[in-house]
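Please consult the sequence and the structure shown here while reading.

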Amino acid sequence: MSDKTAITPTRAQDFPEWYQQVVKAADLAENSETRGCMVIKPWGYGIWELIQQQLDRKFKATGHQNAYFPLLIPISYLEKEAEHAEGFATECAVVTHHRLEPQKDEKTGKVKMVPSGELAEPYIIRPTSETIIGAAFSRWVQSYRDLPLLINQWANVMRWEMRPRLFLRTAEFLWQEGHTAHETKEEAIDETRQMHRVYEDFLRNHLAIPVIPGEKTENERFPGADMTLTVEAMVQDRKAIQAGTSHYLGQNFSKAQDISFTGRDGVKQFVHTTSWGVSTRMIGTLIMAHSDDDGLVLPPRVATQQIVIIPVTPKEDSKQAVLDACKALAETLRLEKNFHGDPLRVHVDTRDLQGGIKKWEWVKKGVPIRIEIGPRDIETRKVCVQRRDRASNEKEFMDKEDFLRVASDLLQDIHETLLARATEFRDENIVPCDSIDEFHAHWAKDNPGWLITPWAGTPDEEDELSKQHKITIRCLPLDKQDELEAKCLLTGKPTKSRAIWGRSY
């Protein structure tokens, strides 16, 4: 019984199925009737709302404004930027008709709805919005005085997925996409790097996920971009997840869509544009990074509830006193304590259920701190504290006043514990490699982790290795591009650059 876990199978037994069971047990989301799409349930959507709110503050602090653009994009807009269109062509959902007509089957009496009214020009449900936003920018920009344009959109997008998985890959997903236009290349690249740093900071300091910031190779760049920066996270099966990207698009989109302006010298010029985004994939990343065989483990800053108080009411005559004590503690925590500037999110579970059932529900939902209060605790002025980053049966009895004093510190300690744990795991599973034989041998192992190698290969050589082992260069780490000169593991050419290779979601 001591080996029994709340989630079956365990991570070690079947990681992909474990992930699905964590999502289910935590009541985060479920598959919908629309293939490849999901219903995000309140507990899961609460996490997304917190991610959204906290990122939005960072965007606005860096001068960006929110706007909204159409869901439908004329197909001709995509055709203007050929590389971009080709990159998304196989993922696009196409709208070809503008109405439905009922047709009754004379034999069965059933009515079918048949598409009618073919559109003169089909629309694409946005897979991303560079083209439709570029059309707006072309109207908004006339002079250098109109620049920079710093716009963000919170929206949904659609990309057909052959093998959908809740949060990680769904046909429709939620995200934000930043789009900016600048007078010079230097300003646009500064913007690209700034937002890349925002993502790195957010993942580390809000989600407790250490990431490796780097640049994508030419093969892995966003379609139509001159430069793509990424933050790469390792999850517990040692695979990589691209947790966020920031793109310098050069003048590719501005020339295709005539986003031009009169410069300071009176000469017509094209703007330099950027785009950057993260999505609900972040939730899948944090599930895989932190959760255990008892369920979800939530970083405190994005926990839908940070503290859940469970009344222990064995006798009817003391029940009301226990409930009153729990509600009073919750109110004090909400009013007097905060975490990173926000009031604590505290919930009292007053449902008529057994205490053990409640406990395991909140364990599986990943609440950072659980508090139990019973009749004896009222007399002794103590609370039973249980932390989600520790064993589910581990308890600590604290004086209520002491808990009130350190509640926010405990949440910060949980964050730091999760971050340290994930960092140690990642670093243990990135192996230096400078031998092509060792490189080939590494990928024959199960869940082998990442390799970091000297690299000076061509895009074709990279593609050949990628296909051979079903891997990709996750990034060229920004802090590993001026290393001691070494021979490229494939070509033998001298290089100061290092590349990280891995399997990914």
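Helices (H or I, at least four residues) and strands (E, at least two) are DSSP runs, numbered from the N terminus. The model is predicted: local features need pLDDT of at least 70, side-chain atom pairs count only at pLDDT 80 or more, and totals for chains, interfaces and linings use all residues. Residues are numbered from 1 along each chain as its sequence is written, and side-chain values use heavy atoms, with hydrogens and water left out.

**Asp14**

- Asp14 is found in the segment before helix H1 (15-25).
- With a relative accessibility of 32%, Asp14 counts as partly exposed (buried means under 20% relative accessible area, exposed over 50%, partly exposed in between; 1.4 Å probe, protein chains only).
- Asp14 and Asp237 are separated by 223 residues in sequence, and their C-alpha atoms are 9.8 Å apart in space.

**Helices H1 and H8**

- H1 packs with helix H8 (residues 281-290) at an angle of about 115°, and their axes are 11 Å apart; axes are lines fitted to C-alpha atoms, for helices over the stretch in contact, and angles run from 0 to 180 degrees between N-to-C directions.
- H1 and H8 are therefore roughly perpendicular to each other, a term that covers angles of 65 to 115 degrees.
- H8 is largely enclosed by the rest of the structure, because 10 of its 10 residues are buried.
- The buried residues of H8 include Arg281, Gly284, Thr285 and His290.

**Cavities**

- The structure holds two cavities of 30 Å³ or more. On a 1 Å grid over the protein atoms alone, a cavity is a set of points where a 1.4 Å probe fits but cannot get out, and lining residues have an atom within 4 Å of a point. Grid points are joined across faces, edges and corners, and a volume is the space filled by probe spheres set on the points.
- The largest cavity has a volume of about 80 Å³, and its lining includes Glu130, His179, Phe253 and Thr273.
- Helix H5 (130-140), strand S8 (172-182), helix H7 (252-257) and strand S14 (272-279) each give two or more residues to that lining, and H5 provides the largest share, four residues.
- The lining of the largest cavity comprises five nonpolar, six polar and one charged residue (Ala, Val, Leu, Ile, Met, Phe, Trp, Tyr, Cys and Pro count as nonpolar, Asp, Glu, Lys and Arg as charged, and the others, Gly among them, as polar).
- The second largest cavity holds about 50 Å³ of space; Gln54, Arg57, Arg301, Gln306, Phe339, His340, Asp342 and Arg345 line the second largest cavity.
- One nonpolar, three polar and four charged residues make up the lining of the second largest cavity.

Notes. On a 1 Å grid over the protein atoms alone, a cavity is a set of points where a 1.4 Å probe fits but cannot get out, and a pocket is an open set with protein on both sides within 12 Å along at least five of seven lines; lining residues have an atom within 4 Å of a point. Angles under 35 degrees count as roughly parallel, over 145 as roughly antiparallel, 65 to 115 as roughly perpendicular and the rest as oblique.
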